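Look over the sequence and the fold, then read on.

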Amino acid sequence: MKLIWKNSLESTPAACSAQSRRVSLWNSLEAGDVVSLSLRGYEYHRGTVEDRTADGQTIWVIDRIGERRLFHIDDDYDLLVASQG
(Lines give C-alpha, C1' and ligand atoms only; values in the text may rest on other atoms or scores of the structure.)
Protein backbone atom coordinates (compact mmCIF):
# COMPACT_ATOMS: atom_id res chain seq x y z
CA MET A 1 0.00 0.00 0.00
CA LYS A 2 1.30 3.43 -0.92
CA LEU A 3 0.59 6.34 1.41
CA ILE A 4 0.09 9.74 -0.19
CA TRP A 5 0.15 12.77 2.05
CA LYS A 6 -2.25 15.64 1.43
CA ASN A 7 0.61 18.06 0.75
CA SER A 8 1.89 15.90 -2.10
CA LEU A 9 -1.52 16.07 -3.78
CA GLU A 10 -1.60 19.83 -3.66
CA SER A 11 1.18 20.08 -6.24
CA THR A 12 -0.68 18.12 -8.94
CA PRO A 13 -2.32 20.17 -11.73
CA ALA A 14 -5.81 18.89 -10.83
CA ALA A 15 -5.35 19.73 -7.15
CA CYS A 16 -3.97 23.18 -7.98
CA SER A 17 -6.93 23.82 -10.27
CA ALA A 18 -9.41 22.71 -7.61
CA GLN A 19 -7.69 24.90 -5.01
CA SER A 20 -7.79 27.85 -7.42
CA ARG A 21 -11.56 27.37 -7.96
CA ARG A 22 -12.06 27.10 -4.20
CA VAL A 23 -10.17 30.36 -3.56
CA SER A 24 -12.11 32.11 -6.34
CA LEU A 25 -15.43 30.96 -4.86
CA TRP A 26 -14.56 32.10 -1.33
CA ASN A 27 -13.24 35.44 -2.67
CA SER A 28 -16.47 36.03 -4.59
CA LEU A 29 -18.69 35.80 -1.50
CA GLU A 30 -20.52 38.93 -0.42
CA ALA A 31 -22.61 39.82 2.60
CA GLY A 32 -26.11 38.49 2.07
CA ASP A 33 -25.12 35.42 0.02
CA VAL A 34 -26.91 32.28 1.18
CA VAL A 35 -24.46 29.41 1.60
CA SER A 36 -24.36 25.79 2.66
CA LEU A 37 -21.23 24.25 4.18
CA SER A 38 -20.87 20.47 4.04
CA LEU A 39 -18.28 18.08 5.36
CA ARG A 40 -18.01 14.49 4.07
CA GLY A 41 -21.43 14.76 2.43
CA TYR A 42 -23.22 16.03 5.55
CA GLU A 43 -24.61 19.56 5.56
CA TYR A 44 -23.00 21.08 8.63
CA HIS A 45 -24.24 24.67 8.43
CA ARG A 46 -26.52 26.78 6.25
CA GLY A 47 -27.03 30.49 6.49
CA THR A 48 -26.28 33.95 5.21
CA VAL A 49 -22.79 35.39 4.85
CA GLU A 50 -22.52 38.27 7.28
CA ASP A 51 -18.94 39.26 6.47
CA ARG A 52 -15.65 37.98 5.11
CA THR A 53 -12.03 38.97 5.47
CA ALA A 54 -10.44 41.03 2.69
CA ASP A 55 -8.36 38.04 1.56
CA GLY A 56 -11.49 35.84 1.34
CA GLN A 57 -10.00 33.21 3.64
CA THR A 58 -12.52 33.57 6.48
CA ILE A 59 -16.29 34.07 6.47
CA TRP A 60 -18.90 34.60 9.16
CA VAL A 61 -22.23 32.90 8.53
CA ILE A 62 -25.47 33.50 10.43
CA ASP A 63 -28.09 30.75 10.43
CA ARG A 64 -31.86 31.25 10.51
CA ILE A 65 -31.98 31.40 14.32
CA GLY A 66 -29.23 34.01 14.55
CA GLU A 67 -26.27 31.81 15.48
CA ARG A 68 -23.06 33.24 14.02
CA ARG A 69 -20.20 30.93 13.03
CA LEU A 70 -16.75 31.48 11.62
CA PHE A 71 -15.37 29.32 8.80
CA HIS A 72 -11.90 29.28 7.26
CA ILE A 73 -11.12 28.13 3.73
CA ASP A 74 -8.64 25.54 5.07
CA ASP A 75 -11.31 23.85 7.22
CA ASP A 76 -12.09 21.62 4.19
CA TYR A 77 -15.82 22.38 4.05
CA ASP A 78 -17.53 22.08 0.68
CA LEU A 79 -19.16 25.44 0.05
CA LEU A 80 -22.28 25.86 -2.06
CA VAL A 81 -23.81 29.24 -2.84
CA ALA A 82 -27.57 29.45 -3.46
CA SER A 83 -28.47 30.90 -6.83
CA GLN A 84 -30.05 34.32 -6.73
CA GLY A 85 -33.42 34.72 -8.40
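Which residues does Arg22 touch, not counting residues up to four places away in sequence? They are Ile73, Asp76 and Tyr77, where contact means heavy atoms within 4.5 Å.

This is a predicted model: local features need pLDDT of at least 70, side-chain atom pairs count only at pLDDT 80 or more, and totals for chains, interfaces and linings use all residues. Residues are numbered from 1 along each chain as its sequence is written, and side-chain values use heavy atoms, with hydrogens and water left out.

**Arg22**
- Arg22 sits in helix H2 (residues 13-28); helices are DSSP runs of H or I with at least four residues, strands are E runs of at least two, and both are numbered from the N terminus.
- Arg22 is buried but has no salt bridge.
- Buried means under 20% relative accessible area, exposed over 50%, and partly exposed in between (1.4 Å probe, protein chains only).
- A salt bridge needs a side-chain nitrogen of Lys or Arg within 4 Å of a carboxyl oxygen of Asp or Glu.
- For Arg22, the nearest side chain of opposite charge is Asp78, 4.6 Å away; Lys and Arg count as positive, Asp and Glu as negative, and His and the chain ends are not counted.
- The Arg22 side chain reaches the backbone oxygen of Tyr77 at 2.8 Å.

**Aromatic rings**
- There are 3 aromatic pairs; rings of Phe, Tyr and Trp (its six-membered ring) pair if their centres lie within 6.5 Å, with planes under 30 degrees apart stacked, over 60 edge-to-face and the rest tilted.
- Tyr44 and Phe71 are edge-to-face, because their ring centres are 6.4 Å apart and their planes stand at 90°.
- Tyr44 is in strand S2 (residues 42-52) and Phe71 in strand S4 (residues 68-72), so this pair ties together parts 27 residues apart in sequence.
- Tyr44 is partly exposed at 42% relative accessibility, whereas Phe71 is buried at 2%.
- Ring pairs join Tyr44, Phe71 and Tyr77 into a cluster.

Methods. A polar contact is a pair of N or O atoms within 3.5 Å; within protein, one must be able to donate a hydrogen and the other to accept it, and residues adjacent in sequence count only if both atoms are side-chain atoms.
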